[in-house]
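Subject: Structure for you to look at

Hello,

Here is the structure we talked about handing over. Please open it next to this message; my notes follow below it.

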Amino acid sequence: MVRIRLRRMGAKKNALYRVVVARQQNARDGRFIEIVGTYNPHNDDVKLVNDRIAHWLSVGAQPSDAVARMLRNVGLLDSANKPVAQAAIDQAAIDPAAESSESQAVAA
């Protein structure tokens, strides 16, 4: 099975993580298929490649518990850990201020 999980990087007591797609049988810091993001726990900085994560979720990759929490916060997973439709992901990428101004223009 293919998993989306964290790979530890950085120095001792100064961890940084890469979000990678890897086979479940491979070691935590071992071989991986693709890097799809980074996570810095010191300042909670999360950078994800949303389209690649959506692709891997669509072909059956399962996120680890920690990655699933990140993906729910970003909006790629719903509360039941099911992938959100691509149209909803694209809509979420649009600036919310632009949406409200468009809806006000239509209402007027």
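Which residues in helix 2 are buried? They are Val67, Ala68, Met70 and Leu71. Seen down the axis of helix 2, these buried residues fall within an arc of 160°, so they line one face of the helix. An α-helix has 3.6 residues a turn, so residues three or four places apart point the same way. On the face of helix 2 turned away from the buried side are the exposed residues Asp65 and Asn73. Please keep in mind that this is a predicted model.

Just after helix 2 comes Gly75, with a positive phi of about 105°.

Overall layout

The chain contains four helices and five strands. Starting at the N terminus, the elements come in the order β-β-β-β-α-β-α-α-α. The chain has 108 residues, and 27% of them count as buried. Its accessible surface comes to about 7,100 Å², with 50% of that belonging to carbon and sulfur atoms. Of the contacts between residues at least 6 apart in sequence, 30% join residues at least 24 apart.

The five strands form an open sheet with the order 4-3-2-1-5 and mixed pairing. Strand 4 (45–48) and strand 5 (62–63) stand at the edges with a single partner strand each, so one side of each has no neighbour in the sheet. Helix 1 (residues 50–58) packs on the sheet and touches strand 1, strand 2, strand 3, strand 4 and strand 5. The direction of helix 1 makes about 120° with that of strand 3.

Going through the pairs:

- Strand 1 (residues 2–11) and strand 2 (residues 14–23) are antiparallel, with 10 bridges. Met9 has Leu16 in strand 2 as its bridge partner. The two strands form a hairpin with two residues between them, and Lys13 in the turn has a positive phi of about 60°.
- Strand 2 and strand 3 (residues 34–40) are also paired in the antiparallel sense, over five bridges. Here Val21 stands opposite Glu34 in strand 3.
- Strand 3 and strand 4 run antiparallel and are joined by four bridges. Gly37 has Leu48 in strand 4 as its bridge partner.

Is Val20 buried or exposed? Val20, found in strand 2, has a relative accessible area of 2% and therefore counts as buried, the cut-off being under 20%. Leaving out residues up to four places away in sequence, Val20 touches Arg3, Ile4, Arg5, Arg7, Phe32, Glu34, Ile35 and Val36. Ile4 is 16 residues from Val20 along the chain, yet their C-alpha atoms are separated by 5.6 Å. In a regular strand the side chains alternate between the two faces of the sheet.

If you want a place to begin, take the buried face of helix 2, with Val67, Ala68, Met70 and Leu71, and then turn to Val20 in strand 2.

Regards

Key: Residues numbered from 1 in each chain as written. Predicted model: local features only at pLDDT ≥ 70, side-chain atom pairs only at ≥ 80, totals over all residues. Heavy atoms only, no water. Pairing = 2+ DSSP bridges. Buried < 20%, exposed > 50% of the residue type's maximum accessible area, 1.4 Å probe, protein only. Contact = heavy atoms within 4.5 Å. Axes fitted to C-alpha atoms, helices over the stretch in contact; angles between N-to-C directions. Arc of directions from axis to C-beta. Areas by Shrake-Rupley, 256 points an atom, 1.4 Å probe, with all protein chains shown as cover.
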